[in-house]
Amino acid sequence: MTIRLSQRQRLYNAVLLLAATALLTWALSIRVGMIPPLGHLTNPWQGFWQNMERDGVPELLMESDKLRSTVTVRYDERGVPHIFADNDYDLYFAQGLVTARDRLWQIDFQNRAAAGRLAEIIGPDAVNYDRAQRRLGMIYGAEINAASFMADPRTAEMVQAYADGYNAWLERLNPKDYPVEFKILDADPEPFSPLDCGLLLMNMSQTLSSGTRAHAQTNARALLTGDIYHLLYPDELPWVDPIIPPDHKWNFDPIEPPSPNPGFVPDKVRDLPLRDIDPGIGSNSWAVDGSKTESGYPILSNDPHLSVTFPSIWYEIQLNSEGINSYGVSLPGAPGVIVGFNEFLAWGATNTGSNTLDVFEIEFRDESRTEYLHDGEWKPMRMRMEEIHVRGDDPVIDTVLYTHHGPVTQPFDEKAAPDRFPQGHAIQWIAHQPDHNVLLSVYKYNRARNQDEFETAMRHFTNLPQNITYADRDGNISIGHMGRFPVRFFGQGSYISDGRDPAYDWNRFVPFEHLPRSFNPDRGFVSSANQAPTSREYPYYLGRHYAGFSRGARINEILAGSNNITTGFFEEMLMDNHSPPAEKILPFLLSMLDRDGSRVSPESDRNPEAGDGGRNGNKDNKGSKDRHIGNMIADMLGQWDYSFDADSPIALFYTYWESQFHNALWDPLFNPIDAFFSRPDYTTTSRLLLDGDHHVFPVDVRQAVNRSFHESVDRFVNRYGGNPDRWHYGRDRAMRIGHLAMLPGFGHDHIVASGTPDAINATGTRHAPSWRMIVELGPEIQARGHFPGGQSGNPGHPGYDRAVQDWAAGTFHDLHFWRSASDDTARTTSILLLEPAPR
Amino acid sequence: MLFLLVLFSAFLLQFIMPWWIVVVVGFLTGLLSARRPWQNFLIVFAAIGALWLGASLYIAFIESTVLLPRMAGLLQLPHAWMLFVVTALTGALPASLAALGGSWLITRDAETADDI
């Protein structure tokens with residue numbers, strides 16, 4: 001067919017088509033919502049195709065006029081950089097450079113997220129998140145941190161060199177070389193400044209030490225009668241074996257805490273939603289001395305459990321220069337080795353539940369909120385302007401009020417996104433305190449040659465409180481509850497504090513010499529798994545929200561009963577899936593279970609919404625089938641060894657039942673209470689059940705056991721079918737490791753892994769062992785380890801997620817610890833040579 | 001011949017210009033080529049499509065392809081191979097539409113109208 005068009009029509013069509021084409025071209029060049037700019041992204045010359053890399057690390061020679069002499073970086077077969085420099089500046093310059101080479105986007109994104117600057121790249125959806133970060137004082141704290149580490153010449157040089165190295169890498173990139181996430185989000189990387197290092201430290205503080213249950217605990221105390229409250233929330237959790245053995249003698253005169261005004265009753269917190277608190281993160285670390293090992297040398301183990309993501313939170317590295325030869329994992333965005341070892345000693349860390357963030361009730365003078373009451377005086381509020389830039393929108397200005405304690409975290413007009421803290425309250429947080437320089441501690445312990453030097457380094461380990469495990473080649477082991485902790489009266493900080501009363505101020509701190517420590521204990525081992533650091537005999541009050549007995553008790557039981565220990569034994573121990581809490585309570589639950597179904601029949605007592613209601617055929621048949629499956633499951637539980645092995649058919653059912661059972665027990669008590677609270681700990685509940693304190697429960701325990709069991713059977717069978725041959729804990733629980741920015745497709749789904757948060761192999765759904773390390777401190781250090789990810793942060797590199805399978809399976813890798821640039825060169829797979837350029 | 005000219009000029013310009021240079025190449029082809037508008041459209045579509053497809057295939061051949069299933073997941077494509085199609089179309093479609101528009105713009109009279 002032939003169409004004849006007039007010239008005018010044709011011109012009109014041409015202009016229309018060209019306008020539409022221009023519009024299409026424009027639309028393909030910008031990000032619309034979260035749809036990436038497809039033109040840029042798919043273009044083979046600049047888009048994601050340019051991020052596809054072959055395996056290994058390319059050889060490279062780079063020059064920089066900032067370097068003082070040549071630096072050799074040898075990459076091993078797993079892509080771990082081993083840096084050989086001859087002065088501090090060059091060493092940390094190279095660390096910044098190689099970390100940027102592998103993790104540029106991660107560092108950029110992490111720091112923006114920490115600072116509350118995500119709206120700049122995400123858009124208006126991120127404003128609430130940013131606002132909450134600003135109100136937590138993240139940039140304020142980063143400035144304080146940066147002022148501290150820039151005031152010491154060693155850490156100032158360390159951070160500046162790291163930043164210079166990072167920026168040297170960034171400068172040589174063209175936009176086509178930017179990590180693919182920048183292309184997807186249509187953003188550009190920023191240069192690294194010392195403040196970014198402060199933000200990284202704040203990020204770690206937020207992860208590790210911003211937790212508080214003060215307002216939840218205040219509500220629980222206010223809303224429950226005294227007896228019930230103390231039974232449900234005991235000062236100490238049951239069966240806990242503290243980090244420092246309970247028979248330890250404290251030979252010092254403690255500083256007396258101040259006495260608060262006894263009349264203070266904090267207001268109940270009603271403006272936060274009902275929710276339970278995330279059980280949070282944990283870690284294990286232990287060390288045994290030579291008396292317990294086959295070789296006669298100490299062995300140390302550490303597995304910090306953090307939220308596991310791609311790229312990994314850790315970056316493996318060796319730093320070798322004048323006065324330092326250290327290997328371990330670093331945090332992308334900070335210089336030094338955080339957890340690892342050197343030629344003389346090894347160290348590990350676990351987080352602590354000691355109070356590090358207090359919530360203060362503030363009395364404002366009037367609606368203007370320019371003054372607040374403290375120590376009988378009206379004191380002026382300080383104000384800090386926070387300007388949040390928003391992609392595609394006007395900036396948002398937020399004025400944050402600061403008392404001398406710290407920021408007033410919740411705004412008065414509306415809530416900032418995560419409902420962390422109640423309105424009208426200020427927080428005081430260890431991360432905001434001046435004159436803390438944890439990087440100086442890193443600097444010193446990386447270089448420490450013996451216990452004394454390590455001790456000196458630990459004096460600076462103040463604002464990221466941790467339990468630090470230690471072992472050295474001289475045969476010593478030790479553990480310490482490190483950090484700076486205010487001298488508190490009993491209970492201080494565990495409930496809402498009185499912002500008017502100076503007794504709640506942080507004025508005096510537990511002296512370093514008084515911190516809970518244990519050196520070379522007779523039992524031949526030290527360990528920590530986030531449990532309480534000490535028994536009640538310790539003269540200072542540190543807090544009350546520590547991990548339950550499970551992992552700590554299991555570790556101590558195994559270590560106490562083992563001799564001739566090898567690193568291989570610790571590899572197996574790290575993969576131990578036994579759950580002590582399940583062992584404690586399951587026999588009781590089974591004893592309460594009505595096996596023939598006559599007392600609580602599935603029909604009469606089942607929640608009608610939980611089952612499939614007899615849709616599949618006749619009700620009587622289903623009832624008897626249910627009873628059959630129920631009895632079979634009960635039999636399987638009776639034979640279960642409490643081990644959350646991937647191939648266990650019954651472990652997942654147990655987690656269903658445990659959770660249903662706790663809901664059945666506590667819902668009637670807590671659901672009617674319209675306030676923010678935390679439910680009793682599972683182990684406290686178990687203790688009440690086992691000790692027969694059943695009067696505290698609002699329901700009949702036997703009925704709750706049976707009802708929850710049948711509900712769980714229904715749910716479980718609906719979800720996983722009725723054939724136990726097909727039940728598989730590791731597969732069915734569908735563990736996944738997501739991408740840091742939650743980009744779909746960039747995570748790793750369907751990881752088949754053993755473990756549970758209560759086992760030593762604490763592989764939960766979000767938090768899991770993020771690095772496992774075993775170090776034997778003989779004449780030649782032997783170390784093994786792995787983490788669930790890879791050195792490369794590039795999703796287009798085969799190493800991005802390479803170690804996930806080995807991590808899940810418990811396969812460890814040798815960590816190559818080289819003494820010099822020419823040691824064991826056969827294992828070098830690639831070299832990066834950094835040369836000083838003429839200035 | 002025109003096919004090769006479009007392909008090579010776009011190929012060279014890609015190294016120094018953003019992706020939308022292919023749209024400019026398409027438009028100029030439409031303006032300058034004496035062929036019929038729909039012929040220009042098809043030639044530019046084929047040339048830019050072949051260029052982008054060829055370049056992406058080449059990269060996939062020499063580098064690791066672990067990124068492809070991830071990108072497919074991100075873009076909600078059921079199969080990773082569809083990325084090659086999406087890539088070729090993203091370049092070819094706007095470029096060829098620009099060629100058609102350019103051709104229409106300079107067509108002088110009704111006699112050279114297209115057969116559709």
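This is a short tour of a predicted model, one selection at a time.

Residues are numbered from 1 along each chain as its sequence is written, while chains are lettered from A and ligands numbered from 1 in the order in which they are written. Because the model is predicted, local features need pLDDT of at least 70 and side-chain atom pairs count only at pLDDT 80 or more, whereas totals for chains, interfaces and linings use all residues.

**The core.** Begin with Ala94(A), Ala287(A) and Val775(A), the residues with the most contacts inside the largest nonpolar core, which has 218 residues. Such a core is a set of buried Ala, Val, Leu, Ile, Met, Phe, Trp, Tyr and Cys residues joined through C-beta atoms within 7 Å, and a residue is buried if 20 or more other C-beta atoms lie within 10 Å of its own, exposed if 12 or fewer, and partly exposed in between, with C-beta atoms placed from the backbone. Next select helix α3 (residues 88-115) of chain A, which supplies the largest share of this core, 15 residues; helices (H or I, at least four residues) and strands (E, at least two) are DSSP runs, numbered from the N terminus. Another core, of 28 residues, lies apart from it and includes Leu17(A), Val22(B), Phe27(B) and Trp52(B).

Move to β14 (residues 382-390) and β15 (residues 393-402) of chain A, which pair in the antiparallel sense over 8 bridges, pairing being called where DSSP finds at least two bridges between two strands. Glu386(A) stands opposite Asp398(A) in β15(A). The two strands, β14(A) and β15(A), form a hairpin with 2 residues between them, and Gly392(A) in the turn has a positive phi of about 70°.

Select β6, β22 and β23 of chain A, an open sheet of 3 strands in the order β6-β22-β23 with mixed pairing. Here β6 and β23 (748-751) stand at the edges, each with a single partner strand, so one side of each is left without a neighbour in the sheet. Within β23(A), His748(A) is the bridge partner of Ile737(A).

**Loops and backbone angles.** Ala734(A), in the loop between α22 (729-732) and β22 (735-739) of chain A, has a phi near 50°, a positive value in a residue other than glycine, and is exposed, with 11 other C-beta atoms within 10 Å.
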